[in-house]
Amino acid sequence: ITQINAMAAEQQRIADDLARLIDSANAPIFGVDPKGMVTEWNRKAAELLGYPKEDAIGKDLITSFIEPENRSSVEEILQKALAGSETS
């Protein structure tokens with residue numbers, strides 16, 4: 001049990017380190033679920049787009065944050081990425 005607890009603590013430490021890395025990155029980073037709803041939003045995304053994380057989480061990325069004229073192309077890229085296809 002001690003070994004299991006040590007492994008769990010190490011996994012939590014790694015998860016916390018990754019969360020800090022994402023939040024402090026000098027590039028906008030966001031995450032979406034398979035339905036396109038925002039699940040992650042770092043400080044740079046908040047700074048550039050003007051929406052704090054608390055306001056972005058749970059909203060539809062395309063309809064809430066993408067200009068209407070760009071929505072179809074962004075939607076296509078997002079669907080390819082979610083399907084695991086090349087997006088470049």
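Modeller: We can go through the aromatic pairs, then the strands, then one proline.

Modeller: This is a predicted model, so local features need pLDDT of at least 70, side-chain atom pairs count only at pLDDT 80 or more, and totals for chains, interfaces and linings use all residues. Residues are numbered from 1 along each chain as its sequence is written, and side-chain values use heavy atoms, with hydrogens and water left out.

Biologist: How many aromatic pairs does a search of the whole structure find?

Modeller: The search finds 2. Rings of Phe, Tyr and Trp (its six-membered ring) pair if their centres lie within 6.5 Å; planes under 30 degrees apart count as stacked, over 60 as edge-to-face and the rest as tilted.

Biologist: Why is the pair of Trp-41 and Phe-65 classed as it is?

Modeller: Their planes are at 40 degrees, so the pair is tilted, with ring centres 4.8 Å apart. Trp-41 is in strand β2 (residues 38–41) and Phe-65 in helix α4 (residues 61–65), so the pair ties together parts 24 residues apart in sequence. Helices (H or I, at least four residues) and strands (E, at least two) are DSSP runs, numbered from the N terminus.

Biologist: And Tyr-51 with Phe-65, what geometry there?

Modeller: That pair is edge-to-face, with 4.9 Å centre to centre and 75 degrees between the planes. Tyr-51 sits in the loop between α2 (43–49) and α3 (53–56), and Phe-65 in helix α4, so this pair ties together parts 14 residues apart in sequence.

Biologist: Is Trp-41 buried or exposed?

Modeller: Trp-41 is buried, at 1% relative accessibility. Phe-65 is buried at 13%, and Tyr-51 is partly exposed at 34%. Buried means under 20% relative accessible area, exposed over 50%, partly exposed in between (1.4 Å probe, protein chains only).

Biologist: Switching to strands. How many bridges join β1 to β2?

Modeller: 3 bridges join β1 (residues 30–32) to β2, and the strands run antiparallel. Two strands pair if DSSP finds at least two bridges between them. Gly-31 stands opposite Glu-40 in β2.

Biologist: What about the turn?

Modeller: β1 and β2 form a hairpin with 5 residues between them, and Gly-36 in the turn has a positive phi of about 85 degrees.

Biologist: Last one. What does Pro-28 touch?

Modeller: Leaving out residues up to four places away in sequence, Pro-28 touches Asn-42, Lys-44, Ala-45 and Leu-48. Contact means heavy atoms within 4.5 Å. Pro-28 is in the loop between α1 (2–24) and β1, and is partly exposed at 44% relative accessibility.
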